[in-house]
Amino acid sequence: MSAPTLVSKERAPVRPARLLLHLFLAGASFAWITPLLWAVYAALRPYSETSDKGYVSWPDKLSLDNFTHAFQQSEMTRYFGNTLLIAVPAVLLTLFLSSCVAFYVSRFDFRVNLSLLLVFTAGNLLPQQVIITPLYRLYLLIDLPGITASGKLYDSALGLVLIHVAFQSGFCAFVLSNYMRSLPHELTEAALVDGASAWRLYWQITLPLCKPAMAALGTLLSIWVYNDFFWAIVLVSTGENMPITSALNNLSGQYFTDPNLVAAGALLTAIPTLVVYFALQRQFVSGLTLGANKG
């Protein structure tokens with residue numbers, strides 16, 4: 001019996017195109033993460049040091065004092081609560097309403113189902129700045145005595161929730177309808193034969209199969225609603241009612257602004273979005289890659 005011979009495997013030569021691709025990806029990654037690292041570096045340094053030596057200098061002292069001062073000075077606890085009061089209902093309502101629309105247009109055949117889906121999707125194509133003036137006047141005209149603290153839809157968390165639901169439902173309905181169309185119709189047909197109602201088809205059969213897509217959309221919606229600044233500035237006037245994105249204004253003085261303190265505050269406001277992403281990372285990635293291996 002002959003001894004086994006070792007077969008040497010020659011390494012495939014590196015193609016110039018692949019080398020250029022890796023260089024481009026490395027450069028893009030570095031350009032993307034550099035501002036974040038620079039913000040962390042500035043937030044760890046006192047302003048007196050950077051004002052004397054400049055930001056491009058070796059630090060003498062690194063501390064978390066800026067993070068502590070930013071959290072206390074901007075009253076982030078209150079603004080985190082305001083954002084939670086806006087983001088949670090907005091995300092849940094958007095997913096529920098858009099999934100209802102997606103279920104109806106994807107599992108039932110009627111003449112205007114495609115037109116109905118296009119109407120919902122077209123709402124995302126309209127720039128927010130175009131409708132801000134009539135929307136602002138409409139919010140001032142709608143009276144809600146006893147429901148909101150301001151007595152109107154303007155300057156209330158309810159107003160921000162409704163505008164987020166209105167603008168995000170179209171995209172979510174489009175994504176969920178495409179995903180629901182890929183589900184086998186035999187499931188709903190068998191349930192209909194057994195006498196299941198439309199609500200049961202939606203809630204107990206179709207919706208559980210859409211968990212990956214719902215998790216991916218929920219992650220995106222949480223980040224979008226949390227990072228909103230435009231609607232919060234336009235539709236809210238009272239400082240106590242503003243979300244976390246507006247809390248950074250409290251770090252700016254009338255005559256002087258500490259950029260190191262603002263950098264620390266900006267990093268603190270980014271923590272909840274990172275928590276949401278890492279908590280739903282597996283579902284988010286699986287939802288984005290659904291159908292990638294289907295022919």
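The entries below follow the order in which I looked things up.

**Entry 1: what I am looking at.** I kept in mind throughout that this is a predicted model.

**Entry 2: salt bridges.** I searched for charged side-chain pairs and came away with five salt bridges. I looked up Asp143 and Lys152, whose side chains meet at 2.5 Å, N to O. Lys152 is partly exposed, at 29% relative accessibility. I then turned to Asp60, which bridges to Lys53 with the closest N and O atoms 3.2 Å apart. Of these two partners, Asp60 is exposed at 61% relative accessible area, whereas Lys53 is partly exposed at 38%.

Entry 3: Which residues are linked with Glu75 in a network of salt bridges? I found Arg78 and Glu240 there with Glu75. The Glu75 to Arg78 bridge is 3.3 Å, N to O.

Entry 4: I picked helix α10, residues 211–226, and compared its span with expectation. A reminder to myself: an α-helix has 3.6 residues a turn, so residues three or four places apart point the same way.

**Entry 5: aromatic pairs.** My search of the whole structure turned up 13 aromatic pairs. One of them is Phe96 with Tyr202, edge-to-face, at 6.4 Å centre to centre and 70° between the planes. Phe96 sits in helix α4 (residues 76–107) and Tyr202 in helix α9 (residues 198–209), so this pair ties together parts that are 106 residues apart in sequence. Phe96 is partly exposed at 34% relative accessibility, while Tyr202 is buried at 2%.

I next looked at Tyr136 and Tyr154: with ring centres 5.4 Å apart and planes at 85°, the pair is edge-to-face. Tyr136 belongs to helix α6 (residues 132–141) and Tyr154 to the loop between α6 and α7 (157–181), so the parts tied together are 18 residues apart in sequence. Here Tyr136 is partly exposed at 32% relative accessibility, and Tyr154 is buried at 13%.

**Entry 6: a ring cluster.** Which rings join Phe96 and Tyr202 in a cluster? I noted Phe103, Tyr104, Phe108, Trp199 and Trp203, linked with them through ring pairs.

Technical notes:
Residues are numbered from 1 along each chain as its sequence is written. This is a predicted model: local features need pLDDT of at least 70, side-chain atom pairs count only at pLDDT 80 or more; totals for chains, interfaces and linings use all residues. Side-chain values use heavy atoms; hydrogens and water are left out. A salt bridge is a side-chain nitrogen of Lys or Arg within 4 Å of a carboxyl oxygen of Asp or Glu. Buried means under 20% relative accessible area, exposed over 50%, partly exposed in between (1.4 Å probe, protein chains only). Helices (H or I, at least four residues) and strands (E, at least two) are DSSP runs, numbered from the N terminus. The expected span of a helix is 1.5 Å times one less than its number of residues. Rings of Phe, Tyr and Trp (its six-membered ring) pair if their centres lie within 6.5 Å; planes under 30 degrees apart count as stacked, over 60 as edge-to-face and the rest as tilted.
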